[in-house]
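Visitor: I'd like to learn how to read a fold on screen. Could you walk me through this one?

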Amino acid sequence: MPTAPQQPYLTRLTLPAETFHEPRRDDCPWCGSDRLDTLVRMPDPARRTPGTFVLETCRACAHVFQNPRLTADALALYPRRPYGGHGGARRRPAAARAVPPAAEPESWLDVGTGYGHFPEAAREVHPYTCFDGLDTTPRVQHARAAGRVEEAHQGELTDPEITARLRGRYDVVSMFHHLEHTSDPREELRAALAVLRPGGHLLIELPDPGCAFGALLGRRWAPYDQPRRLHLLPPRNVLAELEAAGCTIVTVDRSGPHVPYDLTGAVSLALARRRTAPALAVRPVLAAATALDRGLAPLLRRTRFSNACRVLARKPGSAP
Ligand SMILES: [Zn+2]
């Protein structure tokens, strides 16, 4: 329940306050350890919810997660941002090339596709591939109407009806900055493997909570993206999970997916707290941060300051 000083925020809300958060859990959702530390606390930048968002980290496996987690109704107040922001349009073809065109995939499902901009870009790399899209929002219907995907599947990949309908259909399943938004990323991985054909490829891109910018910038590190991201998975945990499922890790790229936005995002979050700052004073500061992000990216993307990771794994079985 909100405390007295937070009551003014309640006038902005469309939900009863008690439905914002689920009960706080006292163990890690990835490994079950009870050795949890508070990583960051941050106020709601949009002031739609009372109180703060809390990210905790597990000392046993380094998994990072929102605790207490927002309810589904509360999360609906914060629609996720489509993949491809902050220069992402330039990264999409490179992400598509992670699957070698020589593999000649016939069918590809992009999970969390939004408006289908990734399939649109990937078609230039894989012109003979049939791309389908899955998303929890009606954005995927727009993607089909715009001709960016052949089939639009609206819902959760873990929905038993959807998993059963799509089982074993795809040569490639891609998930770009998607797992961190799901309520159970392990179940999401299992569902992704279920809809792949034997020998098919799973392509995942996700933020790396071990990035040095996270320790440096704290609650102003943009990839925390609260409250939209429920989990931040250390890439090594994802690799171990895939290997335990019998997959072969084909490539791990820690430099190409780096998003040069850490300093710009931190400055933006800091300035958002100072809403009275005149625009003429804000622009040069943001421009300087953006220049630093872009200028340092060629160097930083090869270090622990790289903020994302791309994994290509092959499901066991005969090649499709
Ligand atoms: Zn853990």
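Guide: Let's start with a term: two residues are in contact if their C-beta atoms, placed from the backbone, lie within 7 Å. In the protein chain, residues 24 or more positions apart account for 74% of the contacts with a separation of 6 or more. Keep in mind that this is a predicted model, where local features need pLDDT of at least 70, side-chain atom pairs count only at pLDDT 80 or more, and totals for chains, interfaces and linings use all residues. Residues are numbered from 1 along each chain as its sequence is written.

Visitor: How many helices and strands does the protein chain have?

Guide: Helices (H or I, at least four residues) and strands (E, at least two) are DSSP runs, numbered from the N terminus. Here the protein chain has 10 helices and 11 strands.

Visitor: In what order do the 7 strands of the open sheet come?

Guide: Two strands pair if DSSP finds at least two bridges between them. The order is 6-5-4-7-8-11-10, with mixed pairing. Strand 6 (152–154) and strand 10 (248–253) are at the edges with a single partner strand each, so one side of each has no neighbour in the sheet. From one strand to the next, the twist averages 15°. For a parallel pair, look at strand 4 (residues 107–111) and strand 7 (residues 170–176), joined over 4 bridges. There, V111 sits opposite M175 of strand 7.

Visitor: Which helices lie on those strands?

Guide: For angles, axes are lines fitted to C-alpha atoms, for helices over the stretch in contact, and angles run from 0 to 180 degrees between N-to-C directions. Helix 3 (residues 117–125) lies across strand 4, strand 5 (130–135) and strand 7, at about 165° to strand 5. Helix 6 (residues 185–195) packs on the sheet too, touching strand 4, strand 7 and strand 8 (196–207), and makes about 145° with strand 8.

Visitor: Which residues of helix 3 are buried?

Guide: A residue is buried if 20 or more other C-beta atoms lie within 10 Å of its own, exposed if 12 or fewer, and partly exposed in between, with C-beta atoms placed from the backbone. In helix 3 the buried ones are F118, P119, A121 and A122. Down the helix 3 axis, the buried residues fall within an arc of 165° (the arc of the directions from the helix axis to the C-beta atoms), so they line one face of the helix. Over the protein chain, buried residues make up 41% of the 320 residues.

Visitor: What does strand 2 pair with?

Guide: Strand 2 (residues 52–58) runs antiparallel to strand 1 (residues 36–43), with 7 bridges between them, and V40 has L55 as its bridge partner. Strand 2 also pairs with strand 3 (residues 64–66), in the antiparallel sense over 3 bridges, where T57 stands opposite V64.

Visitor: Where are the cis peptide bonds?

Guide: One runs from N67 to P68, with omega near 5°; P68 is in the loop between strand 3 and helix 1 (72–75). Another joins Q226 and P227, with omega about 5°.
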